[in-house]
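Here is a briefing on one protein chain. Please look over the sequence and the model before reading on.

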Amino acid sequence: NPGDREHTITKILKVVSGCDKELKVKNGLEKETCRKINADIKAAKLKVTSQIMDDIIRVTAKKIDDLQAVIALLRSKDYEQPLQFINMK
């Protein structure tokens, strides 16, 4: 379901790879990770605004170069979770 926090992918794995293990996929970020990312963005002193919205972080800026600087900053750090960047306009 779209609202679930965790999804299990067992049948797909069994069909594709013959694997018997159950894989859990998390949707969104944990609150503590959101706070760390938000603090890193604010510490960079870029001309952007960031806000935590449930399990995602929304970053807005007037210039696309500032958004690209934030993406480069976040990719250079390790948050022990893969990050996804969407809808950069």
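The points below go from the overall fold to single residues.

This is a predicted model, in which local features need pLDDT of at least 70, side-chain atom pairs count only at pLDDT 80 or more, and totals for chains, interfaces and linings use all residues. Residues are numbered from 1 along each chain as its sequence is written, and side-chain values use heavy atoms, with hydrogens and water left out.

**Overall fold**

- The chain holds 3 helices and 4 strands. Helices (H or I, at least four residues) and strands (E, at least two) are DSSP runs, numbered from the N terminus.
- From the N terminus on, the order of elements is β-α-β-α-β-β-α.
- Of the 89 residues, 17% count as buried. Buried means under 20% relative accessible area, exposed means over 50%, and partly exposed lies in between (1.4 Å probe, protein chains only).
- The accessible surface of the chain is about 7400 Å². Carbon and sulfur atoms hold 50% of that surface. Areas come from the Shrake-Rupley method with a 1.4 Å probe; for residues, only the protein chains shown count as cover.
- Among contacts in the chain with a separation of 6 or more, 27% join residues 24 or more positions apart. Contact means heavy atoms within 4.5 Å.

**Helix α2**

- Helix α2 covers residues 31–43. Its 13 residues reach 18 Å from first C-alpha to last, close to the 18 Å expected at 1.5 Å a residue. The expected span is 1.5 Å times one less than the number of residues.
- T33, C34, I37, N38 and I41 are buried in α2. They sit on the same side of α2, because they cover an arc of only 130° around the axis. The arc is that of the directions from the helix axis to the C-beta atoms.
- K42 and A43, on the other side of α2, are exposed.
- The buried residues of α2 pack against β3, β4 and α3 (64–76).
- Just after α2, K45 has a positive phi of about 55°.

**Salt bridge**

- How many salt bridges does the structure hold? It holds 1. The criterion is a side-chain nitrogen of Lys or Arg within 4 Å of a carboxyl oxygen of Asp or Glu.
- The partners are the side chains of R35 and E32, at 3.6 Å from N to O.
- R35 and E32 both lie in α2, 3 residues apart, about one turn of the helix.
- An α-helix has 3.6 residues a turn, so residues three or four places apart point the same way.
- E32 is partly exposed, at 46% relative accessible area.

- Strands β3 (residues 48–53) and β4 (residues 56–61) pair in the antiparallel sense over 6 bridges. Pairing requires that DSSP finds at least two bridges between the strands.
- T49 faces T60 in β4.
- The two strands, β3 and β4, form a hairpin with 2 residues between them. In the turn, D54 takes a positive phi of about 55°.

- S50 lies in strand β3. S50 is buried, with 11% relative accessible area.
- Beyond its neighbours within four places in sequence, S50 contacts N38, I41, K42, I57, R58 and V59.
- L67 is in helix α3. L67 counts as buried at 11% relative accessibility.
- L67 and K47 are 20 residues apart along the chain, and their C-alpha atoms are separated by 9.0 Å.
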